[in-house]
Amino acid sequence: MQIGDKIIVVTGGGSGIGKALIERFQREGASVVVAVDVNADAASATAAQLGCPAMVADVSNEADVVRIIDEIENTIGPIDLFCSNAGVIAGASEQSANEEWELSWGVNVMAHVYAARHMIPRMISRGGGHLLNTASAAGLLNQIGGAAYGVSKHAAVGFAEWIAMTYAHRGIGVSVLCPQAVRTAMTADAEQAGTMAATGDGMMEPEQLADIVVEHLQRDAFLILTHEEVHTYMQRKASDYDRWIGGMNRLHQRLTGES
Ligand SMILES: NC(=O)c1ccc[n+]([C@@H]2O[C@H](COP(=O)([O-])OP(=O)(O)OC[C@H]3O[C@@H](n4cnc5c(N)ncnc54)[C@H](O)[C@@H]3O)[C@@H](O)[C@H]2O)c1
């Protein structure tokens, strides 16, 4: 898909990766890029800095997702590219509260379902459209110390695969973004604590990631990896699952100091 002249929505647009995507899409010649965020101050700050429309919505709430889609399509025009990018880290282990698991599920998975549920019929009726769903390398390789994050991001990858399998022949494109560590508010703590396994392969700047995303969207790639190492880790996982689990357990012990 080409970005030029497109109407684009980016959730989680108040910060980090979402904000960098908006800026990059604008430079690529998008017609309008709408920043959506649950944090009203963050959404307004993006709007003021980048000169884009901003809307406040909790994407884990289906009524909010319907409201913003209706409002954008009625006042701006048909959405060509919907980026479900908002995400949260919560629920470190099976001992974490149900509320943390439900938050992860709601934002990291159901938000993608709601966007698809309400965008796909519209997109099909007008000949096509594209969904960009931000998952994570944790959706392919899991997350040390982040059970609900790893599990929900696996579900996000699975859902994106399912959309591609089901709708590719009907004009619906889908890309799933699976970064390792990117320097944003989300990684600030992990970076300081040195506990995020992904930081071992380096911390990418959000602007660099946005360039990679545009290049992949232009050739309609399904999987968007930002760190080449992830491809190698996926191959190792597929070629010897037991060995990969053993390696991840050793990494867990090393990072947590457990033995
Ligand atoms: N930073 C990384 O290293 C990294 C790596 C892999 C994947 N990701 C994913 O990238 C995406 C963006 O993360 P980021 O690093 O830019 O983090 P971030 O914390 O800087 O930005 C996330 C934004 O999402 C918003 N948000 C949270 N819950 C929301 C909700 N219910 N409704 C609407 N907006 C909501 C937040 O207010 C925030 O502005 C997330 O899905 C994250 O899981 C990040």
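Reader: Which residues of α1 are buried?

Author: This is a predicted model, in which local features need pLDDT of at least 70, side-chain atom pairs count only at pLDDT 80 or more, and totals for chains, interfaces and linings use all residues. Residues are numbered from 1 along each chain as its sequence is written. A residue is buried if 20 or more other C-beta atoms lie within 10 Å of its own, exposed if 12 or fewer, and partly exposed in between, with C-beta atoms placed from the backbone. In α1 the buried residues are G16, I17, G18, K19, A20, L21, I22, R24 and F25. That is nine of twelve, so the helix is mostly covered.

Reader: How many helices and strands does the chain have?

Author: Helices (H or I, at least four residues) and strands (E, at least two) are DSSP runs, numbered from the N terminus. The chain has ten helices and seven strands.

Reader: Which members of the largest nonpolar core touch the most others?

Author: A nonpolar core is a set of buried Ala, Val, Leu, Ile, Met, Phe, Trp, Tyr and Cys residues joined through C-beta atoms within 7 Å. Here the largest one has 67 residues, and V9, V10 and L21 touch the most other members. Helix α4 (residues 98-125) gives the largest share, ten residues.

Reader: With which residues is V10 in contact, leaving aside neighbours within four places in sequence?

Author: Two residues are in contact if their C-beta atoms, placed from the backbone, lie within 7 Å. For V10 the partners are G18, L21, I22, V33, A35, V36, C83 and N85.

Reader: What share of the chain is buried?

Author: Of its 259 residues, 43% count as buried.
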